[in-house]
Each structure stands twice: as structure tokens, then as C-alpha cells.
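Student: I would like a close look at one part of this protein. Please keep it brisk and give me the cut-offs as you go.

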Amino acid sequence: MSEESEPADGLPAYPEYAERVLEVAELIPPGRVMTYGDVAEWLQEGGPRQVGRVMALYGGGVPWWRVVRADGALLPGHELRALGHYREEGTPLRDAPRSAEGHLPRLDMKRARWDGRTRTEAHR
């Protein structure tokens with residue numbers, strides 16, 4: 001990872017790569033998502049695991065629910081919190097099959113995935 005950045009206003013310093021990942025998370029419009037791999041590709045650095053690690057360690061202050069697994073499954077341990085955000089933002093969801101544990105929906109990745117090009121396009 002990159003060098004640490006300087007602390008500002010008493011906030012903890014984050015590695016530069018983490019700051020860049022968090023900045024991308026903040027760019028994702030409500031109702032849209034990017035995968036961990038999409039974020040890494042956007043940054044042209046790291047990979048899905050590195051992005052996931054950043055989100056796990058530092059993502060609490062950004063819209064973490066908008067950075068997701070490529071299969072559309074909700075983040076284990078945070079499913080209900082994420083689902084609340086998705087419903088509030090109108091993020092496209094797919095019904096879970098009855099065989100799925102907990103019957104939780106998945107993200108409809110075809111409709112919810114954001115390519116980073118436009119912020120105002122409709123997601124429906």
C-alpha cells in the first residue's frame with residue numbers, strides 16, 4: 001500500500017490507497033452499486049480483495065453498502081442494514097429463491113451496477 005496521508009482536523013490518517021477507495025465509494029450515486037473489482041479497475045490499482053479489505057477497515061464513514069460482491073449477495077453480517085439502505089435508495093433487488101438461507105434478496109446487478117460514467121442516469 002501507499003504511504004500514510006497527513007491527519008486533518010484530528011481525524012485518523014488513512015493509507016493513500018484507502019483514501020482513494022473511499023473517494024470512489026462516495027461517488028457512487030444512491031440506488032447504484034460498484035463491485036470490489038469495479039472499484040479496483042476504476043483506480044487502476046489493487047484488486048477486489050484489497051478494496052474489500054479497505055472497506056472492512058475504513059468504510060464505516062462512507063456509503064459502504066454501495067460497494068458489493070459481484071454476485072449481488074448482501075454483505076454477511078450486515079444484510080439487514082444494507083437491505084434497509086437499498087430499499088430507501090430504490091436500489092434494484094432480485095427476490096431470493098425459497099431455498100436461499102434467510103430468503104434475503106440479492107442485488108439486481110444488471111440494473112444496479114454503476115459504470116462510473118454518469119451520475120444522473122436513471123437506474124431503472
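Which elements do the buried residues of α2 pack against?

Tutor: They pack against α1, β1 (34-35), α3 and β2. Two ground rules come before the detail. This is a predicted model, in which local features need pLDDT of at least 70 and side-chain atom pairs count only at pLDDT 80 or more, while totals for chains, interfaces and linings use all residues. Residues are numbered from 1 along each chain as its sequence is written, and side-chain values use heavy atoms, with hydrogens and water left out.

Start with the layout. The protein has 5 helices and 4 strands. From the N terminus, their order is α-β-α-α-β-α-β-β-α. Helices (H or I, at least four residues) and strands (E, at least two) are DSSP runs, numbered from the N terminus.

Now α2 itself. Its buried residues are Y36, D38, V39, A40 and L43. Buried means under 20% relative accessible area, exposed over 50%, and partly exposed in between, with a 1.4 Å probe and protein chains only. Across the 124 residues of the protein, 41% count as buried.

Next, the partner α3. The axes of α2 and α3 come within 8 Å and cross at roughly 105 degrees. Axes here are lines fitted to C-alpha atoms, for helices over the stretch in contact, and angles run from 0 to 180 degrees between N-to-C directions. The two helices, α2 and α3, are therefore roughly perpendicular to each other. The cut-offs are under 35 degrees for roughly parallel, over 145 for roughly antiparallel, 65 to 115 for roughly perpendicular, and oblique for the rest. On the α2 side, Y36, G37, V39 and A40 make the contact. On the α3 side, P48, V51, G52 and M55 do. Contact means heavy atoms within 4.5 Å.

Then the link between these helices. Just after α2, Q44 takes a positive phi of about 55 degrees. G47 sits in the loop between α2 and α3. G47 is buried, with a relative accessible area of 10%. Setting aside neighbours within four places in sequence, G47 contacts Y17 and A40. G47 and Y36 are 11 residues apart in sequence, yet 7.4 Å apart in space, C-alpha to C-alpha.

The largest nonpolar core has 29 residues, and V21, V39, V51, M55, V67 and Y86 touch the most other members. The elements giving two or more residues to this core are α1 (16-27), α2 (36-43), α3 (48-58), β2 (67-68), α4 (79-89) and α5 (109-112). The largest share, 6 residues, comes from α1. A nonpolar core is a set of buried Ala, Val, Leu, Ile, Met, Phe, Trp, Tyr and Cys residues joined through side-chain atoms within 4.5 Å. In soluble globular proteins, nonpolar side chains tend to be buried together. Take V21: beyond residues up to four places away in sequence, V21 touches V39, L43, V51, V54 and M55.

Last, confidence. The average pLDDT is 85, and 79% of the residues score at least 70. pLDDT is the predictor's confidence in each residue, from 0 to 100. Residues 1-8 have a pLDDT below 50. Residues 120-124 also fall below 50. Where pLDDT is low, the predicted coordinates should not be read in detail.
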